[in-house]
Amino acid sequence: MDYGSGFFHLRIKVPGNDSAGVVTAYYMSSQGSSSRHDELDFELLGNREEKPYILQTNVFADDGGNREQKLKLWFDPRQDFHDYQILWNQHHIVFFVDNIPIRVFKNMSNIGVSYPTKPMQIHASLWDGDSWATDGGRTKINWSSAPFKAYFQGFDVKGCEVLQNSSDIQHCDSDKYQWNTPSFWQLDPVRQRQYEDVKTRYMIYDYCTDRKRNPTPPLECQH
C-alpha cells in the first residue's frame, strides 16, 4: 500500500550479542531510482557485544539523501521492544522513539528545500551493512554469531492511502486526517523541550554541522 501522509508506528527489538555490521531498518520509500526518490529511514546500527547501538535517521527528497543524523540511544534496544514512529504531513516530518521526538525535518519548500511529496510504502528489514554501519565499516560482521534475528510487532498505520501507480497525494493534506490538524503542525512545548534535550545529550553526528562534507551548510540547516 502507498501512503501520502500519516502517522506510522512499529515496535522493534534488535539482534543481541555480537551484531556489528548488521542493520535493522524501518523505513518508508517511494518507487524510482536511488538518486531520485523519497525515503524516511530509521536504521539501528549493530555493534560488538557490550558496545552501544547507534540509531541513524535519514531523509531523501527526490534525491540521494545524505541527510544523516546519528544518536546514542538512552536504552539498550537489544533488551526489549521500543516504539519507532514517523509523522509525515505537509508541515514537517517527525521521527519519534518511545513517543519522544528525536528528529524534525520541516517543510521549507517555499525557500527551495526539497521535501518528500511522493507516495511511499512501508518496509522493515535486516541486512548486511558492514561496509559502513559500524565504525565506518572498519568493524565487520562476525558470522559465527549468526543467525541474527530482529523482532517486529505492534505495526500500526494511520495513513492516507494513495492508489497504486498514482503520483497525486494532494488529497492527503486534508484536515479530515487527524495528523494534518493544527496540533500536529509543530511540536508542543513539552515535546520541543524533549527534542532539544535529545539533541544536546545524545546526538553524535549531524550532517548539518559536518563542514568537511558540507563546507557550506545545506539550505535547510541555515534556518
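**Entry 1: Ser 30**

I started with Ser 30, which I found in the loop between strand 2 and strand 3 (37-45). Strands here are DSSP runs of E with at least two residues, helices are runs of H or I with at least four residues, and both are numbered from the N terminus. Before going on, I noted that this is a predicted model, where local features need pLDDT of at least 70, side-chain atom pairs count only at pLDDT 80 or more, and totals for chains, interfaces and linings use all residues. I also noted that residues are numbered from 1 along each chain as its sequence is written, and that side-chain values use heavy atoms, with hydrogens and water left out.

Is Ser 30 buried or exposed? Its relative accessible area is 6%, so I wrote down buried. (Buried means under 20% relative accessible area, exposed means over 50%, and partly exposed is in between, with a 1.4 Å probe and protein chains only.)

Next I asked which residues Ser 30 is in contact with, leaving aside its neighbours within four places in sequence. I got His 37, Asp 38, Lys 118, Pro 119 and Met 120. Contact means heavy atoms within 4.5 Å. I also checked Tyr 3: Ser 30 is 27 residues from Tyr 3 in sequence, and their C-alpha atoms are 9.3 Å apart in space.

**Entry 2: Leu 163**

Pro 119 turned up again when I looked at Leu 163. These two are 44 residues apart along the chain, with 9.0 Å between their C-alpha atoms. Leu 163 sits in the loop between strand 10 and helix 1. Its relative accessible area is 69%, so I put Leu 163 down as exposed.

**Entry 3: disulfides**

How many disulfides does a search of the whole structure find? I counted two. A disulfide is a covalent bond between the sulfur atoms of two cysteines; the cut-off used here is a pair of cysteine sulfur atoms within 2.5 Å.

The S-S torsion of Cys 160 and Cys 172 is about -70 degrees, so I noted a left-handed disulfide. Cys 160 is buried at 0% relative accessibility, and Cys 172 is buried at 0% too.

The pair Cys 208 and Cys 221 also forms a disulfide, with the sulfur atoms 1.9 Å apart. Cys 208 and Cys 221 are 13 residues apart, and each lies in the segment after strand 11 (203-206). Their S-S torsion is about -70 degrees, so this disulfide is left-handed. Cys 208 counts as buried at 15%, whereas Cys 221 counts as partly exposed at 22%. With the bonded cysteines numbered in sequence order, I get the pairing 1-2, 3-4.

Asn 17 is not a glycine, but I found a positive phi of about 60 degrees for it. Asn 17 is in the loop between strand 1 (2-13) and strand 2 (22-29), and it counts as exposed at 51%. Asp 62, also not a glycine, has a positive phi of about 55 degrees. Asp 62 belongs to strand 4 (residues 54-63) and is partly exposed at 29%.

Then I looked for a cis peptide bond. Ala 146 and Pro 147 are joined by one, with omega about 5 degrees. Pro 147 is in the loop between strand 9 (121-128) and strand 10.

**Entry 4: the whole protein**

Last, I zoomed out. What pattern does the protein follow along the sequence? I read β-β-β-β-β-β-β-β-β-β-α-β, made of one helix and 11 strands.

The C-alpha trace spans about 50 × 40 × 40 Å along its principal axes. Buried residues make up 49% of the 223 residues. For contacts between residues at least 6 apart in sequence, I noted that 66% join residues at least 24 apart.
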